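Dear colleague,

Please find below the structure that I am handing over to you. My notes on it follow directly after.

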Amino acid sequence: MVFSSSVFLFAFLPICITGYYILKNKCGNEWLFFLSLLFYAWGGLSFFPVICVSIFLNYMSGLLLDKCGLAGREGIRKAVFWAAVAANLLILGYWKYLNFFAESLGYVLGMDFGLKKILLPIGISFYTFQGISYVIDVYRRQVPVQKKIVNLGLYIALFPQLIAGPIVRYSDINEQLAKREHSVELFAAGIRRFSVGLAKKAVLANSLAVNADAVFAMPSVQNTPDVAWLGAVSYMLQIYFDFSGYSDMAIGLGKMFGFHILENFDYPYISRSIPEFWRRWHISLGSWFRDYVFYPVIRTKWCSGLGNLRNRFVGKNLAKMLPTIAGTLIIWSLTGLWHGANWTFVCWGTFHGVLITASMLIKKKVKKFNDKHHFTKTKYFDVFRILRTDFLVLIGLVFFKADSIRAAFLYLKSMFGFLDVHQAGYRLEWYLTKYDLFILAVSFVAMLPVGKCALNWMETKMSKANYVLMCNIGSLVLLGTAIMYVITSTYNPFIYFQF
């Protein structure tokens with residue numbers, strides 16, 4: 001079940017909200033937990049046991065960690081912790097990566113292991129990471145253990161963020177599980193945010209997907225450079241509005257039930273560098289890898305020992321940076337692998353890791369250059385930096401979208417005119433109808449903080465009552481438009497459901 005579907009909008013959500021506000025003082029969490037499990041089972045009943053095992057595993061692990069801590073048995077406590085993390089990773093590894101690694105190993109060895117294709121449970125990467133973060137935080141004694149299985153189950157399976165994030169930290173939501181505020185204002189704010197997200201998905205992302213999918217589906221030798229660029233740009237915009245739209249809907253739904261889910265996007269396409277881009281894109285995933293993987297990795301003996309390497313090939317300053325560089329490359333390779341069991345995702349993640357590493361290495365030289373030349377402090381140079389960053393992101397997304405590494409390189413060659421076009425497919429004019437041009441224009445405006453700045457300005461010029469009325473009317477218009485698209489559209493999947 002997806003948020004942008006008639007079943008969710010006209011049946012599941014009204015029943016869920018009605019039941020919750022009737023029962024919230026007695027068994028609101030139980031109701032939400034039951035409906036969240038139903039929501040997940042709707043998408044694939046065969047995968048339902050997987051999430052149940054994940055909930056039970058992490059619940060029992062938390063209790064054992066707490067019990068061992070109270071008894072002062074740190075050795076056993078540490079063993080329980082590593083066993084819990086390993087069990088979570090084994091669940092994820094079996095369902096998501098077993099076929100991938102078996103096929104890769106079989107290719108190298110020239111063997112066929114004859115494994116049956118394992119279907120990927122929806123959202124397993126998201127709820128597994130949430131379970132791991134809970135176990136780690138309990139082990140570090142950063143949060144109290146959750147003794148109610150319903151509350152922990154609700155944290156892991158809460159339907160607004162269950163399928164495609166954001167990845168919620170237990171430390172950010174544990175107090176809300178026990179007690180949270182409800183108000184008309186918060187509920188209305190949730191509807192407004194949900195309306196924006198639904199419009200992003202149903203109107204923009206789905207419309208952009210038509211050209212993106214059509215162009216990438218064509219053999220690269222049949223795409224002229226202008227058509228190839230259109231496909232790449234359409235996909236770049238589609239994936240942003242698809243995923244940020246889902247995050248908006250998740251945050252909005254959370255508000256309706258009294259939850260405050262942290263932001264996951266902050267206008268990433270206005271970033272002036274790749275590191276800044278990743279501080280603005282999929283914020284919850286970046287912070288998860290930073291806190292739970294990157295810092296522990298660079299503190300390991302072998303990684304920190306890299307800083308002692310000094311010879312004529314590695315200077316003192318570079319040697320000090322080696323642990324950070326090694327950690328960065330490892331983390332970004334894992335980030336790519338997290339997104340999908342395909343070498344294209346590993347290449348995409350490594351590509352960003354290399355760019356971030358290069359940014360670190362030249363940081364001081366860039367600062368000296370900027371201090372020396374005043375033109376680097378102008379808005380025009382900022383525009384250049386934004387375009388440069390978006391260009392690099394676009395190149396990476398070709399690997400993200402392509403079915404294979406070879407297909408990605410062929411597509412890039414098509415973009416830059418290095419392929420001889422044979423029997424060219426549809427020309428650019430066929431893809432760019434008036435409606436397509438309109439959607440592209442709206443998308444380019446919507447990816448910028450133009451609307452946010454306009455709303456902030458109007459808030460200072462209008463009375464509070466008029467401003468709220470205007471926002472409510474605007475959200476209803478967006479909601480109505482999006483619902484019309486949902487009813488008439490035949491294309492509706494979320495990209496990040498596959499992760």
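Is Arg280 buried or exposed? Arg280 is buried, because its relative accessible area is 17%, and the cut-off for buried is under 20%. Please bear in mind throughout that this is a predicted model.

Arg280 also takes part in a salt bridge with Asp266, in which the closest N and O atoms are 3.5 Å apart. This pair links distant parts of the chain, since Arg280 belongs to helix α10 and Asp266 to the loop between α9 and α10, 14 residues apart. Asp266 is partly exposed, with a relative accessible area of 32%. Through shared partners, salt bridges join Asp266, Arg272, Glu276, Arg280, Asp382 and Arg385 into one network. The loop between α9 (225-256) and α10 (274-280) also holds Tyr267, whose phi is near 45 degrees, a positive value in a residue other than glycine.

Overall fold

The chain has 21 helices and 0 strands. Its radius of gyration is 24 Å, close to the 23 Å that the globule rule gives for 499 residues, so the chain is as compact as a globular protein of that length. The C-alpha atoms fill a box of roughly 65 × 65 × 55 Å along the principal axes. Of the 499 residues, 49% are buried. Among contacts between residues at least 6 apart in sequence, 77% join residues at least 24 apart.

In soluble globular proteins, nonpolar side chains tend to be buried together. The largest nonpolar core in this chain has 88 residues, and Phe8 and Phe159 have the most contacts inside it. Helix α1 (residues 6-43) gives the most to this core, with 14 residues. Leaving aside residues up to four places away in sequence, Phe8 touches a set of residues including Met1, Leu13, Phe39, Phe159, Phe194 and Leu253. Another core lies apart from it and has 46 residues, among them Leu230, Trp278, Leu412 and Ile439.

Further salt bridges

The structure holds 14 salt bridges. One of them pairs Asp291 with Arg169, with the closest N and O atoms 2.8 Å apart. Asp291 lies in helix α11 (residues 283-298) and Arg169 in the loop between α6 (159-162) and α7 (170-178), so the pair ties together parts that are 122 residues apart in sequence. Arg169 is buried, with a relative accessible area of 12%.

The side chains of Asp242 and Lys201 form a salt bridge as well, at 2.9 Å from N to O. Because Asp242 lies in helix α9 and Lys201 in helix α8 (residues 184-217), this pair ties together parts that are 41 residues apart in sequence. Asp242 and Lys201 are buried.

Surface and loops

The chain exposes about 25,000 Å², of which carbon and sulfur atoms supply 67%. A nonpolar patch on the surface is formed by Tyr94, Leu98, Leu105, Tyr107, Val108, Leu109, Met111, Phe113 and Leu115, which together have about 960 Å² of accessible area. Val108, one of these residues, lies in helix α3 (residues 74-109). Val108 is exposed, with a relative accessible area of 66%.

Finally, Arg141 has a phi near 60 degrees, a positive value in a residue other than glycine. Arg141 is found in the loop between α4 (124-139) and α5 (149-157).

With kind regards

Key. Residues numbered from 1 in each chain as written. Predicted model: local features only at pLDDT ≥ 70, side-chain atom pairs only at ≥ 80, totals over all residues. Heavy atoms only, no water. Patch = residues over 30% accessible without salt bridge, like charges linked within 9 Å, V, L, I, M, F, W, Y side chains within 5 Å. Areas by Shrake-Rupley, 256 points an atom, 1.4 Å probe, with all protein chains shown as cover. Salt bridge = Lys/Arg side-chain N within 4 Å of Asp/Glu carboxyl O. Helix = DSSP H or I, 4+ residues; strand = E, 2+ residues; numbered from the N terminus. Buried < 20%, exposed > 50% of the residue type's maximum accessible area, 1.4 Å probe, protein only. Rg over C-alpha atoms; globule rule 2.2 N^0.38 Å. Contact = heavy atoms within 4.5 Å. Core = buried A, V, L, I, M, F, W, Y, C linked by side-chain atoms within 4.5 Å.
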